[in-house]
Each structure stands twice: as structure tokens, then as C-alpha cells.
Amino acid sequence: MTPPPSDDRGGPLLPHPATGVPFPSPVPPGSGWPGDPSPPSAPVARTPAEVAALAAAAGSPEQVQAHASVCRACPRLVAWREEVARTRRRAYAGEPYWGRPVPSLGESPRVLVVGLAPAAHGGNRTGRVFTGDRSGDWIIAALHAAGLASQPTSVHAADGLRLPGCRIVAPVRCAPPDNRPSTAERDTCARWLDAELRLAVAELRVVLALGGFAWASVLGAARRAGWRVPRPQPRFGHGAQAELLLPDGRAARLLGSYHVSQQNTSTGRLTAAMLQDVVSAAAALAEAGD
Ligand code: SF4
């Protein structure tokens, strides 16, 4: 049998499951992966200070994605995401893994959906947030039912999914071991979230936090951005709401939902109806804010 062609590090080139184009695993920037926001020349942040500087200088959401998606500032997460991309799960052994930070997804930040971090064999494989795993199935179906997504499924980065009514952001962009980023990793990646919020503020109406980690990340970013956050700090819960006052005097609504993790959905802690209620409320609030 002829072995598959190799990349220049000796790893095999594997065909993308939708396009058939061969890629190394992990995928280099600018090599043609569907939705890759980074050119080969994108500057690479290798320290927390470099993340802070690049994030603060970003002038557009596109620039945030281009720079964040080549970031290497958290050594433990870089090693893990790339190790997973090289070894791959048996079911996906024949396809390339993205193995890089996942970019945000969506066209409008009117409803900003904030999750936790990409899954090792979900976003870290497909290169798109909430894509290719059960968590993605849940949240994308709910967004579609609320009119915020163009289709109810999210399978791979070339499936045509569009989010005209919202944007999804991960406060930690690299897959962490056991889905648990460290405090230092959370704080380093928070600078990319700060940039997202700064650039979203003019259109933002609603922030939907999926889980307590997202809730705390949003409140931290809001404070750093000079938004007025209620005191005492609003507590996370499924269906919890809080009002955040933006620098221009407008209010944005923060909504909480249990995270769409398999731990929550397979145990019934979060049902499809519970999720739909909160996502539909977010869509309605964004609509009413005009
Ligand atoms: S978690 Fe965030 S800050 Fe850390 S390497 Fe990934 S993208 Fe960079």
C-alpha cells in the first residue's frame, strides 16, 4: 500500500472530510482550510504580554481572529492541542485536525454567545467553535430555532453554516486537557475576549453566557472595559439575567444558561426545552433593543 504523502515534519497529509484537500495535522495558517482567518504572515503571540499587545492593537474582529488563531502563549495548551491533532481519535484518524486556537464564529455581535473552550475532538478537530460534537449540535439547533443561525447543524467548517444574528466566542480558544483551563491560561486568553467586546460594543444587545465560567469571564471583561456591572456581582444560574451599562449609556442584557456540555445534556440537567427558552429570550431581547 502506498503511504499518504507527508508534510515537511514527516506527518501524513490527510484529506479534509468535506473538501478533500490534504492538510498536515495540525493545520498551518494560510494553507486553505475553510474559514482559516490567519495568513501565513500573521504575528504570533508567544507570551501573555504579546497577547495583550496584539489584542489591544486589533482594529477589527477579523484582525482579532487572524492574530488569535495562531497564538502560542500558553505552553501547556499549545502542547495539548497539537498532541491531540497528531494522535487523533480512532474515529477521526483519517482526517486532519485543526490543532490551533478556534476563531470566533458569526457575523453580528448583537447577540454574543460565550462558551468555555473548544473540545479536543470537536472545535480542535474541525477548526470551528461548537462544530463536530454533541455540544455544537445542541447550541446550533437552538440558535437556528431562534432565527440566529442559517441551519440547525454544525458538522465541519465547510458546511455553509452562517450566523447572521449572533457571534460565538470562546473565552479560552485552545482545547484544554479535561476541559479545564488554568487560571493563568484563562487570564491570558481574556485579552482576546476584551478585544472582542471592545469591537462589538456598538452593535451589542445581549450576551448569552453558557455556564459559570463564561458568566465570570464576561463580567471580568465588562469591568475591564469600563462597563457598569451591578454590585453585588450577579450570580450565575440557568435563566439568570443582569443588566450591564455600556460606556455610551445603553444597557446590554447578560443571560445565563447551563453549558451545553455532554455532562449537562446527558444527565438532563439541561434539556433542549430549557436551552431553547434562554436562547429564544436572548433573540427576543436583541430584537426589542432596536
Ligand atoms: S488559550 Fe488563548 S492565549 Fe492561550 S495559547 Fe490559546 S489562544 Fe493563546
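Let's start in a loop: Val 172 sits between strand E5 (166-169) and helix H6 (183-200). Helices (H or I, at least four residues) and strands (E, at least two) are DSSP runs, numbered from the N terminus. This is a predicted model, in which local features need pLDDT of at least 70 and side-chain atom pairs count only at pLDDT 80 or more, while totals for chains, interfaces and linings use all residues. Residues are numbered from 1 along each chain as its sequence is written.

Is Val 172 buried or exposed? Val 172 counts as buried because 28 C-beta neighbours lie inside 10 Å; the cut-off for buried is 20 or more other C-beta atoms within 10 Å, with C-beta atoms placed from the backbone. Leaving aside residues up to four places away in sequence, Val 172 touches Leu 116, Ala 117, Pro 181, Glu 185, Arg 186 and Cys 189 (contact means C-beta atoms, placed from the backbone, within 7 Å). Ser 182 is 10 residues from Val 172 along the chain, and their C-alpha atoms are 10.0 Å apart.

## H6 beside H1

Helix H6 also has a helix partner. The axes of H1 (residues 48-57) and H6 come within 8 Å and cross at roughly 0°, where axes are lines fitted to C-alpha atoms over the stretch in contact and angles run from 0 to 180 degrees between N-to-C directions. H1 is therefore roughly parallel to H6, a label for angles under 35 degrees.

On the H1 side, the contact uses Pro 48, Val 51, Ala 52 and Ala 55, and on the H6 side Thr 188, Arg 191, Trp 192, Asp 194 and Ala 195. By class, these are six nonpolar, one polar and two charged residues (Ala, Val, Leu, Ile, Met, Phe, Trp, Tyr, Cys and Pro count as nonpolar, Asp, Glu, Lys and Arg as charged, and the others, Gly among them, as polar).

Now for another helix pair.

Trp 138, Ala 142, Leu 143 and Ala 145 in H5 meet Leu 275, Gln 276 and Val 279 in H9. This contact has six nonpolar residues, one polar and no charged ones.

## The whole chain

Stepping back, the protein chain holds nine helices and eight strands. Its C-alpha trace spans about 65 × 40 × 30 Å along the principal axes, and 50% of the 290 residues count as buried.

Technical notes. Two residues are in contact if their C-beta atoms, placed from the backbone, lie within 7 Å. A residue is buried if 20 or more other C-beta atoms lie within 10 Å of its own, exposed if 12 or fewer, and partly exposed in between; C-beta atoms are placed from the backbone. Angles under 35 degrees count as roughly parallel, over 145 as roughly antiparallel, 65 to 115 as roughly perpendicular and the rest as oblique.
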